[in-house]
Amino acid sequence: MAESALTLFKNVYSTILLIFSVVIVMGLIFTEQTKMSMDVHPALAFFVLWGLILWLGMVEGGQASLVGLAPINFELYKDSHPTTYI
């Protein structure tokens, strides 16, 4: 029970910190207190920032997949996934 309570606390605390950080950064962007939002419209800075964050997430996910799949026996998927078979 103590471990699950600690995990719940860490998850809630991390989520609160994430929301706080996003609010601060978005506030700075829309009040034009960042270099990019000073140079271009804040809405463009907003979409560029979130586009890059999504792109980074996809790249990191792909890298994790490559590392995690390295020890897998590829012969198991030869018939079910012929396009991806190496």
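Predicted model: local features only at pLDDT ≥ 70, side-chain atom pairs only at ≥ 80, totals over all residues.

Biologist: What makes the pair of Phe-30 and Phe-46 tilted?

Modeller: There are 3 aromatic pairs in the structure. In this one the ring centres sit 5.6 Å apart, with the planes at 40°. Stacked needs under 30 degrees and edge-to-face over 60, so 40° leaves tilted.

Biologist: Which parts does that pair tie together?

Modeller: Phe-30 belongs to helix 1 (residues 2-30) and Phe-46 to helix 3 (residues 42-69), so the parts joined are 16 residues apart in sequence.

Biologist: And why is Phe-46 called partly exposed?

Modeller: Its relative accessible area is 25%. Buried would be under 20%, so Phe-46 lands in the partly exposed range.

Biologist: How do you know that Phe-46 and Phe-47 are edge-to-face?

Modeller: Their planes make an angle of 85°, with 5.1 Å centre to centre. The rule asks for over 60 degrees and centres within 6.5 Å, so edge-to-face it is. Phe-30, Phe-46 and Phe-47 make up one aromatic cluster.

Biologist: What makes Phe-47 exposed?

Modeller: A relative accessible area of 58%; exposed means over 50%, so Phe-47 qualifies.

Biologist: What about Val-59: why can it be in a surface patch?

Modeller: Val-59, in helix 3, has a relative accessible area of 37%, and patch residues need over 30%. The nonpolar patch also includes Leu-52 and Trp-55, with about 660 Å² of accessible area for the whole patch together.

Methods: Residues numbered from 1 in each chain as written. Heavy atoms only, no water. Phe/Tyr/Trp six-rings, centres within 6.5 Å; stacked < 30°, edge-to-face > 60°. Helix = DSSP H or I, 4+ residues; strand = E, 2+ residues; numbered from the N terminus. Buried < 20%, exposed > 50% of the residue type's maximum accessible area, 1.4 Å probe, protein only. Patch = residues over 30% accessible without salt bridge, like charges linked within 9 Å, V, L, I, M, F, W, Y side chains within 5 Å. Areas by Shrake-Rupley, 256 points an atom, 1.4 Å probe, with all protein chains shown as cover. Salt bridge = Lys/Arg side-chain N within 4 Å of Asp/Glu carboxyl O.
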